[in-house]
Structures are given as structure tokens and as C-alpha cells.
Amino acid sequence: MRSTSLTPIISVAVTIAALLTLFAVGFSHPKSDVVAATPAAHTSDNAPRLDTPAPDPDVIVGSAQDGPGRRVALTFDDGPDPIWTPKVLDFLGEHHVKATFCLVGTNARRYPDLVRRIVAEGHQLCDHTMTHDQNLRYKSAAAMRAEIVGAKQAILDAVPNAQVRYYRAPEGAFSPKGAHPSMQQIAADNGMQPLAWKADPEDWTKPGVRVIVERVQQQVGEDGVVLMHDAGGDRSQTLAALDQLMPWFNDLGYRFVFPA
Ligand SMILES: [Zn+2]
């Protein structure tokens, strides 16, 4: 019968529609635990501007600052590093791009001149804990506070009055929603907005320049925060990938801004 022969076609169509819906939802939203912050005020000039609303501990920012058109916020983790941070800063300077550096406190203590250079060249700072303990979310409130406040203090000892606008947990492993104590709450209490990302090319695993480039292109969306590293080993692949990404970003009209 005709109606019977149509059944498989209909079920295939329904399956395709469901898959398309899933794809659209997955593509247009950040990772489930990454929620865009309240948009900042619009800015008319091209230079990234930083609005400073009170940090919201219930939001882990994955999006770039609000504004017209495509925007991207580059972030570099785990430095400062005496070899690679200067190379990344040189590259950003040549391309007139501002980024955000998530600093490990012990490194900030060892290389205060690099912290000063990051700030002097107009980049933003992010607290990435004192020792990069990836199990910090399971530790006591006192341990969390020591790691988070300690790193902020290490940065401030290098650059008094520096604004440390963001906090990023080691490996992005924030406290579970509703946890007490919570890293996010401690960060917000200390004036820092929890920060995650949309694009993670896993550059630290050295997957090859082309893979890093493709992952960023696939994941950044219209307004993503990009996670990269300026420390923790040889970062030549990261730099080479950035070199290839710059014309791509420019061709697509991306503006380089800070995280929301
Ligand atoms: Zn890290």
C-alpha cells in the first residue's frame, strides 16, 4: 500500500529534521556551562573598551564584549613565560590586537617585568590561580581563597593598581553550580568575573598548526572567547596559527575586543 511505503520516508524526514534542529541549537549556543554575560554598552570607536559592571558569580563568560558585527576575544593562559609571552606580545603589537592574559601567580612573581609589559601594552589581566591546581574546586574555601587572592596579589605586586578583571579556573574547572564554597563567588567577591571560552583549539597539545586554525574557525562563532596558551612549553604552533588566523578574522570583519 502507498501509505505503508511512505512511512520510512516520513521517519527519515523526521530524523533529519531532528538532527538539523540539534545541529542548529548546538551551533548557536555556547557550551552548556558557558553563559554569555549581560551585554556591555555599545562602543563607537574601534579600540576595545572595558566596561566594569559588578562581577556576576552565576555567569561564566564565554562571549566577547557586545557590539556590532563579529567580535573575538583572544585569551592566553598560564604565563607569563620568559620565552613565549614576549613573542606573543610582539605579535599582538604588530597586528594592533589587544588580548587578555590569564596569569599564574607563581609566574607573575618570577617575571614581574612581563606583567608590567602586558599592562603597558594595553592588554587585560585575568587571575588563573597561584599554582594552577586543577583540583581546586574540591578544596576548602580557605585553599580556594589562598590560590585566587594570592595570584591577584602577585599581579598587584608587579603592577600596583592594575585592574584584574577576570578569573579563570585551572582547565576551566569551575565549581559546580550552587556549590559552597564556590570559586566563582570568591572571584566575584574580589572583583573578578568568571571567564571561560567558546573556542578551545587545545593548542597546548601541539596538534599541528592547521588543526589549531581549523578548530578556532569552527568554534569561535560570531562573538567567541578563544583560549590559547603563551606558556607551558613550545608555543610556536600557537604563534603560527595566530599568523594564519589574522587574515581570516580580518576578511570576515571580526573586531578584537575583550571578553564580556
Ligand atoms: Zn591554565
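Predicted model: local features only at pLDDT ≥ 70, side-chain atom pairs only at ≥ 80, totals over all residues.
Where in the chain is the place of Pro 181? Pro 181 belongs to the loop between β4 (164–167) and α6 (183–189).

Of the 260 residues in the protein, 42% are buried. Among contacts with a separation of 6 or more, 80% are made by residues 24 or more positions apart.

The average pLDDT of the protein is 86, and 80% of the residues score at least 70. Over residues 12–45, however, the pLDDT is below 50, and this stretch has 34 contacts in the model beyond near neighbours in sequence. For residues 1–10 the pLDDT likewise stays under 50, and the model has 0 contacts there beyond four places in sequence.

Strand β2 (residues 100–103) and strand β3 run parallel and are joined by 4 bridges. Within this pairing, Cys 102 has Cys 126 of β3 as its bridge partner. Strand β3 also pairs with β4, in the parallel sense, over 3 bridges. Here Leu 125 stands opposite Val 164 in β4. The path from β3 to β4 includes a helix: β3, helix α5 (residues 141–158) and β4 make a right-handed β-α-β unit.

Which way do the residues of β3 (residues 124–127) point? Gln 124 and Cys 126 point one way, while Leu 125 and Asp 127 point the other way, and all of them are buried. This arrangement may be read beside a general rule. In a regular strand, side chains alternate between the two faces of the sheet.

Strand β6 (residues 225–229) is largely enclosed by the rest of the structure, because 5 of its 5 residues are buried. Both of its faces are covered: Val 225, Leu 227 and His 229 lie on one side, Val 226 and Met 228 lie on the other, and all are buried.

In soluble globular proteins, nonpolar side chains tend to be buried together. Leaving aside neighbours within four places in sequence, Ile 155 is in contact with Leu 103, Ala 108, Val 115, Leu 125, Asp 127, Ala 162 and Val 164.

The loops also deserve attention. Tyr 111 lies in the loop between α3 (105–110) and α4 (112–120). Is Tyr 111 buried or exposed? Tyr 111 counts as buried because it has 20 C-beta neighbours inside 10 Å, and 20 is the number at which a residue is called buried. Apart from neighbours within four places in sequence, Tyr 111 is in contact with Pro 80 and Pro 82. The C-alpha atoms of Tyr 111 and Gly 79 are separated by 9.1 Å, although the two residues are 32 residues apart along the chain.

The peptide bond from Gly 79 to Pro 80 is cis, with omega near 0 degrees. Pro 80 is found in the loop between β1 (71–77) and α2 (84–94). The residue of the opening question, Pro 181, is joined to His 180 by a cis peptide bond, with omega about 0 degrees.

Glu 171, found in the loop between β4 and α6, has a positive phi of about 60 degrees although it is not a glycine. With 13 C-beta neighbours inside 10 Å, Glu 171 counts as partly exposed. Lys 206, in the loop between β5 (193–194) and α7 (209–219), has a phi near 50 degrees, a positive value in a residue other than glycine. Lys 206 counts as partly exposed, with 15 C-beta neighbours inside 10 Å.

Definitions and conventions. Residues numbered from 1 in each chain as written. Helix = DSSP H or I, 4+ residues; strand = E, 2+ residues; numbered from the N terminus. Buried ≥ 20, exposed ≤ 12 C-beta atoms within 10 Å, placed from the backbone. Contact = placed C-beta atoms within 7 Å. pLDDT = per-residue confidence, 0-100. Pairing = 2+ DSSP bridges. Right-handed = clockwise from strand over helix to strand, strands pointing away.
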